Amino acid sequence: MSGAARDPGLQPERTRLAWRRTTLAFTVAAVLAARQVVHHEEIRGGDLVALGLSALVWLGFLTVAHRRIGAMATARPPGAMPPAQALGAAACTLALAAFAVAIVW
């Protein structure tokens, strides 16, 4: 089978949808962190700091994800994800997990 028979539009579309699902899951995690702060018996300053940092990390992740989705929509075939964006996405994920732990404890 030759390479010309392959539809190059399917893989980028699946990856774009995966980025959207990941963004949705990240948003749910950030909202659950905010809900945890609101439902504490007493809201401490550390909780508010962790919540604010979680919101900033969420915005950072949205920025990285939307840049990647936009790059995939314009480039045919889409190139590899730049290392800086990959590092940014990983750092945002780890930071959100750390802030969530800080909120719970």
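1. Basis. Local features in this predicted model need pLDDT of at least 70, and side-chain atom pairs count only at pLDDT 80 or more, while totals for chains, interfaces and linings use all residues. Residues are numbered from 1 along each chain as its sequence is written, and side-chain values use heavy atoms, with hydrogens and water left out.

2. Helix pair. The axes of helix 2 (residues 45–74) and helix 3 (residues 83–104) cross at roughly 155 degrees and come within 9 Å; the axes are lines fitted to C-alpha atoms over the stretch in contact, with angles from 0 to 180 degrees between N-to-C directions. Helices here are DSSP runs (H or I, at least four residues) numbered from the N terminus. The two helices are therefore roughly antiparallel (an angle over 145 degrees).

3. Their contact. Residues of helix 2 that meet helix 3 include Leu-53, Val-57 and Phe-61, where contact means heavy atoms within 4.5 Å. By class, this contact has 13 nonpolar, four polar and three charged residues (Ala, Val, Leu, Ile, Met, Phe, Trp, Tyr, Cys and Pro are nonpolar; Asp, Glu, Lys and Arg are charged; the others, Gly among them, are polar).

4. Phe-61. Phe-61, in helix 2, is buried at 3% relative accessible area (buried means under 20%, with a 1.4 Å probe and protein chains only). Beyond its neighbours within four places in sequence, Phe-61 contacts residues including Trp-19, Thr-23 and Cys-92.

5. Thr-23. Thr-23 lies in helix 1 (residues 10–38) and is buried, at 9%. The side chain of Thr-23 reaches the backbone oxygen of Trp-19 at 2.8 Å.

Key:
Angles under 35 degrees count as roughly parallel, over 145 as roughly antiparallel, 65 to 115 as roughly perpendicular and the rest as oblique. Buried means under 20% relative accessible area, exposed over 50%, partly exposed in between (1.4 Å probe, protein chains only). A polar contact is a pair of N or O atoms within 3.5 Å; within protein, one must be able to donate a hydrogen and the other to accept it, and residues adjacent in sequence count only if both atoms are side-chain atoms.
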